[in-house]
Amino acid sequence: MSTAPPQSDSRTWSRTFEDLGGGWRQRQLWGHLGWQDIKQRYRRSVLGPIWITISMAVTAVALGILYAGLFGNDLAVQLPYILVGFIVWGFISGCVLEGADVFISNEGLIKHLPAPLSVHVYRLVWRQSLLFAHNMIVYLVMLVIFPQPLSWTVLAAIPAFALLMANGAWVALLLGVVTTRFRDLTPITQSIVQLMFFLTPIVWIYEDLLNSANESIAERARLAEFNPFLHFVEIIRRPLLGQDQLLRYWIVVLVITVIGWAVTLFVVRRYRSRVSYWV
Amino acid sequence: MNVSTDPAATDRPPVSITTKDACVDFPIFDAKSRSLKKTVMGLVGGNIASTSKVPIIEALTDVTLHLEHGSRVALVGHNGAGKTTLLRLLAGIYEPTRGVAEISGRVAPIFDLGVGMDPEISGLENIMIRGLFLGMTRKQMEARVDDIADFTELGDFLRMPLRTYSTGMRVRLALGVVTSIDPEILLLDEGIGAVDAAFLEKSKQRLADLVERSGLLVFASHSDEFLRELCDTAIWMEHGRVKQQGELEDVLRSYKGLPA
């Protein structure tokens with residue numbers, strides 16, 4: 001045949017950015033749905049979403065006391081550390097775990113309504129941000145009980161959280177597309193996230209291990225630098241606890257943000273139109 | 001040249017759907033081929049073409065259509081002929097695996113009255129969410145809520161959670177929202193049942209008004225009566241292909257197998 005078949009524009013950059021931009025324009029929709037998700041979880045309960053805050057407080061206090069005892073640390077050091085670590089980890093793991101399920105769980109909507117795929121991702125990140133905000137109440141209460149040496153550098157937590165959101169979005173988008181095609185990746189992701197919780201300094205204090213009198217422990221602790229989650233936790237935990245910022249954490253996070261989005265955009269360009277076939 | 005007197009119509013691109021040789025092929029991954037393990041092992045084994053072993057269902061083949069503003073198209077065909085898949089193609093939900101489909105205009109697909117409804121929240125909140133899903137803004141929906149409430153005749157029940165509703169009441173609510181919007185392209189799939197007769201009469205009028213407002217209608221149904229009321233042309237689908245396209249009565253005659 002001499003005439004080329006008509007070219008579909010499904011796999012072009014313009015359609016990729018149209019999806020992301022079109023989803024963004026529907027913020028009334030996902031903004032509403034994100035709130036709804038939160039309220040939904042605690043519907044018919046008397047206290048409602050305050051349960052998010054309460055359960056975080058209970059976990060952090062219990063683990064703080066437990067690990068302060070186990071490691072022989074001062075509770076005033078251990079508890080704020082665990083609390084902030086837990087809050088940040090909650091956001092990260094929420095984005096990863098729900099990201100691995102984001103399109104599968106929205107199968108009905110995807111098959112019945114022609115909305116940009118990114119709507120589901122924005123909804124997820126927004127919901128996780130709202131959970132994060134609820135948990136920050138515990139942080140504020142903690143500041144009263146265990147005052148931290150905060151200065152204006154605490155404001156660095158704001159761009160740090162913005163970076164966390166930007167990364168949550170690409171992780172959810174990428175994992176969402178891939179897990180829709182390969183369903184085995186969902187349980188694999190769950191296992192990895194669980195493992196990463198122990199490998200990331202959340203309950204154990206990174207600097208204590210680095211400065212350990214035992215040479216071999218200090219040596220091994222350095223390996224934690226290879227854990228990308230460490231950098232994400234550190235850029236936001238350090239300002240919130242009034243500790244010094246380290247440039248390398250920010251650089252690593254920025255590099256991951258750029259590379260992650262680049263890879264995600266390529267995958268989305270290639271497979272965006274296939275998701276409705278796969279779900 | 002545009003002789004339209006409607007100022008809104010001039011600054012918007014005309015409503016139309018054009019498909020050319022559009023195909024929709026579904027890969028059917030069985031439990032084994034849908035895992036990473038098998039793909040990775042397949043690559044290692046050098047058998048890269050193993051993807052072709054995934055069975056494919058050709059749901060639509062070489063669909064070429066051109067629908068314009070003012071089209072009122074009935075979609076007929078047996079079960080599994082590809083009516084719903086075609087509607088989803090026209091909605092932009094499935095992008096063709098081969099060929100092209102160009103859709104200009106805001107699409108309101110009404111395939112399943114229940115989708116996007118949350119049983120735990122009140123009827124009023126569901127009206128809002130459902131409207132947002134159909135591409136309306138919050139303001140537009142707030143302006144319509146009273147009208148929808150009147151139409152559904154649900155009264156104080158609108159403040160109750162949706163799970164307390166009977167099936168018929170849910171259908172009323174869904175139809176109320178759906179018929180209140182202003183779509184440019186309206187895609188209707190059958191399954192508007194489970195409502196009492198008096199209400200059906202009322203919703204027929206509303207549905208007819210909705211079709212009147214929309215620029216383009218495609219309606220899949222097995223009810224000749226409904227089709228005759230709303231449509232003037234028809235497409236007959238069989239085995240994923242367009243078997244016949246033309247005047248409603250002609251197509252219905254051949255579809256029913258009656259002599260012309």
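1. Pro49(A) and its neighbours. Setting aside residues within four places in sequence, Pro49(A) is in contact with Ile38(A), Tyr42(A) and His134(A); contact means heavy atoms within 4.5 Å. Pro49(A) sits in the loop between H2 and helix H3 (50-71) of chain A. Helices are DSSP runs of H or I with at least four residues, strands are E runs of at least two, and both are numbered from the N terminus. His134(A) lies 85 residues from Pro49(A) along the chain, yet their C-alpha atoms are separated by 7.9 Å. Pro49(A) is partly exposed, because its relative accessible area is 23%. The classes are buried under 20%, exposed over 50% and partly exposed in between, with a 1.4 Å probe and protein chains only.

2. Basis of the values. This is a predicted model, in which local features need pLDDT of at least 70, side-chain atom pairs count only at pLDDT 80 or more, and totals for chains, interfaces and linings use all residues. Residues are numbered from 1 along each chain as its sequence is written, chains are lettered from A and ligands numbered from 1 in the order in which they are written, and side-chain values use heavy atoms, with hydrogens and water left out.

3. Size of the A–B interface. On chain A, 35 residues are in contact with 41 residues of chain B. The buried area is about 3,300 Å², and carbon and sulfur atoms give 58% of that. Buried area here is the accessible area (1.4 Å probe) that two parts lose on being put together, summed over both.

4. A salt bridge is a side-chain nitrogen of Lys or Arg within 4 Å of a carboxyl oxygen of Asp or Glu. Arg272(A) forms a salt bridge with Glu95(B), with the closest N and O atoms 2.8 Å apart.

5. Which elements of chain A face chain B? Helix H2 (27-41), helix H5 (107-112), helix H7 (157-181) and helix H13 (275-278) each give two or more residues. H2(A) supplies the largest share, seven residues. By type, this side of chain A has twelve nonpolar, 13 polar and ten charged residues. Nonpolar covers Ala, Val, Leu, Ile, Met, Phe, Trp, Tyr, Cys and Pro; charged covers Asp, Glu, Lys and Arg; the others, Gly among them, are polar.

6. Salt bridges in chain A. Over all chains the structure holds 23 salt bridges. Arg248(A) pairs with Glu225(A) at 2.8 Å, N to O. The two are 23 residues apart: Arg248(A) is in helix H12 (residues 247-271), and Glu225(A) is in the loop between helix H10 (215-221) and helix H11 (228-240). Arg248(A) counts as partly exposed, at 37% relative accessibility. A network of salt bridges links Asp37(A), Arg41(A), Glu98(A), Arg123(A) and Arg127(A).

7. Salt bridges in chain B. Asp147(B) and Arg206(B) meet at 3.5 Å, N to O. This pair joins helix H5 (residues 138-152) to helix H7 (residues 197-213) of chain B, 59 residues apart. Lys243(B) is partly exposed at 48%, and Glu238(B) is partly exposed at 22%.

8. Two buried threonines. Thr189(A) lies in helix H8 (residues 185-199) of chain A. Its relative accessible area is 9%, so Thr189(A) is buried. Beyond four places in sequence, Thr189(A) touches Val96(A), Leu97(A), Ala100(A) and Leu175(A). Thr85(B) is in helix H3 (residues 83-91) of chain B and is buried at 15%. Its contacts, again not counting residues up to four places away, are Val24(B), Phe26(B), Ala59(B), Leu60(B) and Tyr94(B). The C-alpha atoms of Thr85(B) and Gly240(B) are separated by 8.7 Å, at 155 residues apart along the chain.

9. Chain B overall. Chain B has nine helices and nine strands. Of its 260 residues, 50% are buried. Among contacts between residues at least 6 apart in sequence, 72% join residues at least 24 apart.
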